Amino acid sequence: MFSWDLLANAVVAGLLLGGFYAAVSLGISLIFGLLDIANIAQPAFVILGAYATYVTNTAYGLDPILAGVLFTPLFYLVGAGVYRIYYGAFERRGDEALRGLVFFFGVLFIIEVSLSMKFGVDYRLVQAPYIGKSIDLGGGVGIAYRYLVPCVVGVAMTLVLYLFLGRTFYGRAIMAVSQDQLALRLMGANPVQIKTIAFGIGIAAASLAGALLISIAPVIPSTDRDYIGRMFAITVLGGMGSIGGTLLAAVILGVIESLMSTFFGPSWSLAVSFGILLAALAVRPAGLFGR
Amino acid sequence: MRRTVGTLLVGLAVIAAGVLVATLRVNPYLYFAGYVILQYVVIATAWNILGGYGGYVNFGTPAFFALGAYTAVFLIRSIKAPLPVLILAGGLVAALLGLGIGYLTLRLRGTFFSIATLALSVVLQTVIINWEYVGGSRGISVIRPSGPPFGNYVVFLFTVMVALAVIAVLVARFIERSWIGRGLAALRDNEEAAECMGVPTLRLKLFATTVSGFLLGVAGAPFPYYVTFVEPNSAFALDYAVNALAMPMIGGTTSWIGPVIGAVLLGTAQQLATVTISSEMNLFIVGVVLVAFVVLAPEGILGLVRKLRGH
């Protein structure tokens, strides 16, 4: 029995999920897509953001989104620090390919294990007035606020980053560093400083993405593994560093995953993102909107 | 030729020593822990054939290991196959997967290859979770065959692992000393240049991924009999991925002895930490040691030793 209600619900849920996936992938789109730094620890930073939100929400009853925004400066500094270590130990020596990758894998592991030592492996969730309510669109289709809010914030983040990269001095400098570092150096700008800023922004985005993540569903320390594939699938599919492409790829992935989990069961939805990633890597590494 | 025979004799001596240890009847826990450390010797050595010699970082170690383990589960359930068959079959199936990722290197290099292997591990885990015959997400109990050739079953498995570790290290040593190892080193340093100089890069990569996959599958095949309960989360544990690259990185990736040193040191430290502190603490230690080594001592312990000798 095929149900149109079910299909409509799945598509709407997928579109909303897509906005949220865009928020999660923006950081890696900036760091991996534009700077070409294989930061596979990015999902761990997102989970770190989720737990920071959890702590402030349970202790002070702070709104999760607000908590995520408040943590961005701290995450920016952490990101800038991590990049400095990465630059000093690997990039300067031209050794980033093998050992840089292993470095970030280690960072991912340390964050994940630290969180499970501190908080255990119980599911953690946050409280907010809008979580648990939904709007009825009629015809059996509804929108849950816990999906709507992250989607709106995700789209807003995409827009802000898009405008930042295109309109501001530092944004354009980041685009320049991704195109030609030597030319930038000849113009008298310091590529390392620009990359530090960009990396910091990418990690700061993870803080807000983490807040959205824990608003949507409860989180455990190993949730980051589910997002490694999604993030990289979206970044590659969106065309490595194209911010608009990231949003579109995120929505496509969201809809496909939502359809899969509605019609085949949720245990298959994860395989979809990784399957798309493998296919995208094998068939068209430049992505749908490759430069 | 004489050197090869000598090496083989050393290998046989190590296996004999393993059998001797097995007859000693010390604290049974030591065999239990020793098995894990030896298993990591196999895993680290296998990873290093592709990662250390060839420069392709494989994050998908759990996929190969679990493929070996689940091939064994399948054969135990369907035809009650004996252990040597399980090991060989586990290795062959994982070798096929290795050949597959070898062809992936045609399109994907560096980071993209690594991310693809990570993805592979998750896809395979999803397949296993949805495959009820081998236990699905709930897992499956495996009954050990009664009456092992000697000792109790854990002691027997320990001896088997000694032999597998020796074989893995001999294979790695052979590859390193032959033209294959030199070819892999050439493509690790500069793949385009190696290709231009007439190094058969594709054939070498396929060889390395297949052999590496085979040995990882071999390491996983006795796993069901060791734990007697196999479930996806333990067979696909991220610990294998981290350890597989941490151990060679800590020991030193350019020589066969590096992964062995790393596996023995880190494996022993983990076993001690698990017993004395907690299993999460042992993973934390691996992460910190890994990051510290790649930042401060990129050539691993072998590199440190070389530096000390040089100055």
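Start with chain A and its contacts: of those with a separation of 6 or more, 78% are between residues 24 or more positions apart. Two residues are in contact if their C-beta atoms, placed from the backbone, lie within 7 Å. Bear in mind that this is a predicted model, where local features need pLDDT of at least 70, side-chain atom pairs count only at pLDDT 80 or more, and totals for chains, interfaces and linings use all residues. Residues are numbered from 1 along each chain as its sequence is written, while chains are lettered from A and ligands numbered from 1 in the order in which they are written.

Keep chain A selected and colour by secondary structure: you'll see eleven helices and two strands (DSSP runs numbered from the N terminus, H or I of at least four residues for helices, E of at least two for strands).

Next, select residues 4-34 and 243-263 of chain A, helices α1 and α10. Their axes come within 6 Å and cross at roughly 140° (axes are lines fitted to C-alpha atoms, for helices over the stretch in contact, and angles run from 0 to 180 degrees between N-to-C directions). The contact of α1(A) with α10(A) has 16 nonpolar, eight polar and one charged residues (Ala, Val, Leu, Ile, Met, Phe, Trp, Tyr, Cys and Pro count as nonpolar, Asp, Glu, Lys and Arg as charged, and the others, Gly among them, as polar).

Now bring in chain B, where 34 residues are in contact with 34 residues of chain A. Pick out α5(B), residues 110-129; this helix gives the largest share of the side touching chain A, 13 residues. By class, that side of chain B has 25 nonpolar, seven polar and two charged residues.
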